[in-house]
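Work through the exercises below with the sequence and the coordinates at hand, and try each task before reading its solution.

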Amino acid sequence: MDDKKLIFSAIQPTGTFTLGNYIGAVRNWAPLQDKYDCIYCIADMHAITVKQEPAKLRQNSLAAYALLMACGMDPKRSILFIQSHAPTHALLNWVLCCNTQFGELSRMTQFKDKSQRHPDDVNAGLFTYPSLMAADILAYNADMVPVGVDQKQHLELARNIAQRFNQRYGDFFTLPEPLILEVGAKVMSLQDPTKKMSKSDENPNACVLILDDKDTIIRKFKRAVTDSEAEVVFREGKDGINNLMTIYSSVTGKDFAAIEAEFAGKGYGDFKLAVGEAVADHLEPVRTEFDRLIADKAYLKECYTTGAEQAMKISSRIVSKVYHKVGFVDPR
Ligand code: TRP
């Protein structure tokens, strides 16, 4: 790799991505490849911190990998791999765990949320999850990490762990910076626009999936909850309309003023249909490319095998240095 800054990010393979994952994260990752060296990873090891059905997890990881590629991640320009294929992350995680405090991990809001949601399985992996996430990033000495708001606290912890290691053992890790991406940071539920769009919502109309077909997408938008006014304007208190405007803006590139002008005097029915159509058209090439890739298992395998080799090449050098620094005997 050259002297460009290095980006690392990862996404968990929880079934297909939502429109929220797409607009808020994955979609912004592809353009970064023009300016930076990028490493993108399917975080299957993070996924098993909550119960998974093995066959399903395998299927989801492959689908997530294909979807990354369908969203523009290019295995010729970037390193695309599956986390469990690079055992270096787990090797580094152990050292980082020994440099992470119980108190720090206890303060993580995601841990508190998830342990409340799964009270029957508050496992040690769920608790030390942020240390593994720090290992993902630090195993490459990444400069920047594109993250959504929900992962900012984990990234801050990763910086603290890196800093603590550097103080103890001498400067070594780069402190990773968060890369906050501009538009459409947060997509809300179509049924309750005060909540984040989530695929675990019981109401299937609340959440649009990237691989939903055109009719399904349009139907979900037609049923979106709005308000009792009839004005397409971005204003506090109009959560439903604000959300639809954000979505429309991010898939068409139009700003809010242009959208307000376009729908002045028109009803919500027209607006919702337009948003549904714009989203469906925008996602169609992604869906087509995904279908092509997921049918070509041999090619997918070639890509993730190469990705893992590239990831291992960088991370194993870093992990060896870390093992030496903490005082382990060099194996050769
Ligand atoms: N924890 C992240 C999420 O759930 C996924 C993730 C794992 C990640 N390792 C990472 C993100 C490293 C950024 C950097 O969304």
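A residue counts as buried under 20% relative accessible area, as exposed over 50% and as partly exposed in between, with a 1.4 Å probe and protein chains only. The model is predicted, so that local features need pLDDT of at least 70 and side-chain atom pairs count only at pLDDT 80 or more, while totals for chains, interfaces and linings use all residues. Residues are numbered from 1 along each chain as its sequence is written, and side-chain values use heavy atoms, with hydrogens and water left out.

**Exercise 1.** Determine whether C71 is buried or exposed, and which cysteine sulfur is nearest to that of C71.

Solution. A disulfide is taken as a pair of cysteine sulfur atoms within 2.5 Å, and a search of the whole structure finds zero of them. For C71, which is in no disulfide, the nearest cysteine sulfur belongs to C38, 14 Å away. C71 has 10% relative accessibility and therefore counts as buried. C97 is likewise in no disulfide, the nearest cysteine sulfur being that of C98 at 6.6 Å.

**Exercise 2.** Describe how α3 and α13 are oriented and which residues make their contact.

Solution. Helices are DSSP runs of H or I with at least four residues, numbered from the N terminus. Helix α3 (residues 54–70) packs against α13 at an angle of about 80°, with axes 11 Å apart, where axes are lines fitted to C-alpha atoms over the stretch in contact and angles run from 0 to 180 degrees between N-to-C directions. The two helices are therefore roughly perpendicular, a term for 65 to 115 degrees. In contact (heavy atoms within 4.5 Å) are L62, Y65, A66 and M69 of α3 with K297, Y299, L300, C303 and Y304 of α13.

Definitions and conventions: Angles under 35 degrees count as roughly parallel, over 145 as roughly antiparallel, 65 to 115 as roughly perpendicular and the rest as oblique.
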